[in-house]
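I have a new structure open and want to get my bearings in it. These are my notes, in the order I looked things up.

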Amino acid sequence: MMKRFALLLLMTMNVFVLFAQNHFVYVRYSPKDGNVSPVISAIEQIQNQAYGQVAIFVSKASTPFIVTTEKEWSEARENLLGMQVEYDYYPQEEASLLNTYFAQFFKETVSPSLHITGDDDRSWTVTFIVSESMLQSSEFEYVAENICVNELLDRMDVEILTYNDDSSLSSANIPESKLFLYNN
């Protein structure tokens, strides 16, 4: 019975991914936590598989930026490849920018019951790429809060990928201790 449920859940998630034409990627890279090559490979794989728009949010100290074109990605790719030290992390500023970008890309509105919905929710997938150490640290609480406040888990497919010293990315869940639950 459990195997059937797991298979049904996996198939349902894959259906959302198949219909998701657009992809939003959040990436926070730290050279001390692992090699950048698998991060770049994952982003480029997402770009190649997406049928619609791809928006990549690159966490970069007090000046995070969004990438939506090939030229912008080429510059961001070089920036990531050339990183020698980790950028500072300004979570409140990033959260504010992410909320702005979510409203813009997902065409968000607030329903009368005070829930966030987007006109194109089912056509988007969101991927967060962070280091394994960040996932376990208090810094990830800000990302988890942003996921929960924007009700992304209820609206679209959300994937969290982590990297470490290995040469590949791993799929992860939000640690329960980091999951914020808000009553609306």
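Below are my entries, going from the whole chain down to single residues.

**Entry 1: the whole chain.** I'm working with a predicted model, so I keep that in mind throughout. I counted the elements and got seven helices and eight strands in the protein chain. Next I checked burial: of the 184 residues, 44% count as buried. Then I looked at contacts between residues at least 6 apart in sequence, and 73% of them join residues at least 24 apart.

**Entry 2: two helices.** How do H2 and H3 lie relative to each other? I looked up the angle and the distance, as that is how two packed helices are described. H2 covers residues 37–49 and H3 covers residues 70–81; their axes come within 11 Å and cross at roughly 165°. Anything over 145 degrees counts as roughly antiparallel, so that is what I wrote down for H2 and H3. I also noted the handedness: H2 passes H3 in a right-handed crossing.

Which residues meet there? From H2 I listed Ile40, Ile43, Glu44 and Gln47, and from H3 I listed Trp73, Arg77, Leu80 and Leu81. Sorted by class, this contact has five nonpolar, one polar and two charged residues.

**Entry 3: aromatic rings.** I went looking for ring pairs and the count came to 11 aromatic pairs. I picked one to look at, Phe106 with Trp124. Their centres are 5.1 Å apart and their planes are at 70°, which makes the pair edge-to-face.

**Entry 4: a serine in a loop.** My last stop was Ser30, in the loop between strand E1 (22–27) and H2. Is Ser30 buried or exposed? Its relative accessibility is 2%, so Ser30 counts as buried. What does Ser30 touch, leaving aside its neighbours within four places in sequence? I found Glu86 and Tyr163 in contact with Ser30.

How values were computed. Residues numbered from 1 in each chain as written. Predicted model: local features only at pLDDT ≥ 70, side-chain atom pairs only at ≥ 80, totals over all residues. Heavy atoms only, no water. Axes fitted to C-alpha atoms, helices over the stretch in contact; angles between N-to-C directions. Helix = DSSP H or I, 4+ residues; strand = E, 2+ residues; numbered from the N terminus. Parallel < 35°, antiparallel > 145°, perpendicular 65-115°, else oblique. Left-handed = near helix turned anticlockwise from the far one by under 90°. Contact = heavy atoms within 4.5 Å. Nonpolar A, V, L, I, M, F, W, Y, C, P; charged D, E, K, R; others polar. Phe/Tyr/Trp six-rings, centres within 6.5 Å; stacked < 30°, edge-to-face > 60°. Buried < 20%, exposed > 50% of the residue type's maximum accessible area, 1.4 Å probe, protein only.
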